[in-house]
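The entries below follow the order in which I looked things up.

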Amino acid sequence: MEYAASEREQLLMLNQQIQLQSKNMTSASELYSAQRKKVHDFRAHLNILNQLMKNQEYSAAEEYLEKITEQQTDRLFLVNTHHPILDALFNTKAAEATQKKINIDFEVNDLSKLPFYASDMVVLLSNLLDNAIEACQQYDKDDKAIHVMAVAQQDFFISVRNTSEPVVIINGSIPTTKPEPQMHGFGLANIRLILEKYSGEYTMFYENGWFQFTADIPFTPIS
């Protein structure tokens, strides 16, 4: 019975990873299409403004600029780590957070040389960002925010800090309050599995309305 329960848990975790990767692929594709449209529209606006300025129609140019500025209600995120897959992930999550009225910012550097499987990094970072977005949605104040740091130096340092209702942390775990708890909680379990795979260490804590998860992964060869 213990073996069957363990096998069931592993299957549930694998299914969660597959669904997560599928969701991110779809979101990344939608984001790419949206950004291409924005670039196309931006060029069209520039052409019109350029023609108005050439014709010395300055009042018309100013009025047109005001109109397109009013229409630009959403931020265009361009997180650039030189890692195409992580760029798609970060920009997708940034767009999702913004749509949900959550302020989000990133501190990154060149991640193109990360010596890890991209699929593992997608599972790790997607779970962290999804957890942060969900926590912000449940936060009952208006100043919802997420700060993300992903920096590669001698190792890979990751920090996700977000506004949150009080969080109970017991032995490095967060007990779920969702219905059917046996069907939830795999996000943190998957994060742990990835970090264990790469000999990474992590810590998390809650203080004064903020939850923070920090991880450090050494640059060791993949076994």
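**Entry 1: the hairpin**

I started at the hairpin of S4 and S5, where 2 residues lie between the strands and Asn 208 takes a positive phi near 50°. The model is a predicted one, and I read every value here as computed from it. S4 and S5 pair in the antiparallel sense, and I found 7 bridges for them.

S1 pairs with S2 (residues 145–152) in the parallel sense, over 6 bridges. The bridge partner of Val 108 in S2 is Ala 150. As a reminder to myself, strands of a sheet pair through backbone hydrogen bonds, either parallel or antiparallel.

**Entry 2: the chain as a whole**

I counted 5 helices and 5 strands in the chain. Read along the sequence, their pattern is α-α-α-β-α-β-β-α-β-β. The chain has 223 residues, and buried residues make up 35% of them. I looked up contacts between residues at least 6 apart in sequence, and 69% of these join residues at least 24 apart. The accessible surface comes to about 14,000 Å², and carbon and sulfur atoms account for 53% of that surface.

**Entry 3: helices on the sheet**

I checked the length of H4. Its 21 residues at 1.5 Å a residue should span 30 Å, and the end C-alpha atoms are 30 Å apart, so the two agree. I also checked its cover: H4 is mostly covered, with 15 of its 21 residues buried.

**Entry 4: His 83**

I looked up His 83, which is found in the loop between H2 (58–71) and H3. Is His 83 buried or exposed? Its relative accessibility is 12%, and the cut-off for buried is under 20%, so His 83 counts as buried. Leaving out residues up to four places away in sequence, His 83 touches Leu 111, Ser 112 and Ala 118.

**Entry 5: salt bridges**

The count of salt bridges comes to 6. I took Glu 96 to begin with. Glu 96 forms a salt bridge with Lys 93, and the closest N and O atoms are 3.7 Å apart. These two are 3 residues apart in helix H3, so about one helical turn separates Glu 96 and Lys 93. An α-helix has 3.6 residues a turn, so residues three or four places apart point the same way. Both Glu 96 and Lys 93 are buried.

Glu 96 also forms a salt bridge with Lys 100, with the closest N and O atoms 3.1 Å apart. Glu 96 counts as buried because its relative accessibility is 17%.

I then looked up Lys 141, which forms a salt bridge with Asp 140, the closest N and O atoms being 3.7 Å apart. Lys 141 has a relative accessible area of 45% and is partly exposed. Asp 140 has a relative accessible area of 59% and is exposed. Salt bridges that share partners join Lys 93, Glu 96, Lys 100 and Asp 130 into one network.

**Entry 6: Asp 155**

Last, I looked up Asp 155, which is found in strand S3. How far apart in space are Asp 155 and Asp 216? Their C-alpha atoms are 6.8 Å apart, while in sequence Asp 155 and Asp 216 are 61 residues apart. Leaving out residues up to four places away in sequence, Asp 155 touches Asp 216, Ile 217, Pro 218 and Phe 219.

Technical notes. Residues are numbered from 1 along each chain as its sequence is written. This is a predicted model: local features need pLDDT of at least 70, side-chain atom pairs count only at pLDDT 80 or more; totals for chains, interfaces and linings use all residues. Side-chain values use heavy atoms; hydrogens and water are left out. Helices (H or I, at least four residues) and strands (E, at least two) are DSSP runs, numbered from the N terminus. Buried means under 20% relative accessible area, exposed over 50%, partly exposed in between (1.4 Å probe, protein chains only). Contact means heavy atoms within 4.5 Å. Accessible areas come from the Shrake-Rupley method with a 1.4 Å probe; for residues, only the protein chains shown count as cover. Two strands pair if DSSP finds at least two bridges between them. A salt bridge is a side-chain nitrogen of Lys or Arg within 4 Å of a carboxyl oxygen of Asp or Glu. The expected span of a helix is 1.5 Å times one less than its number of residues.
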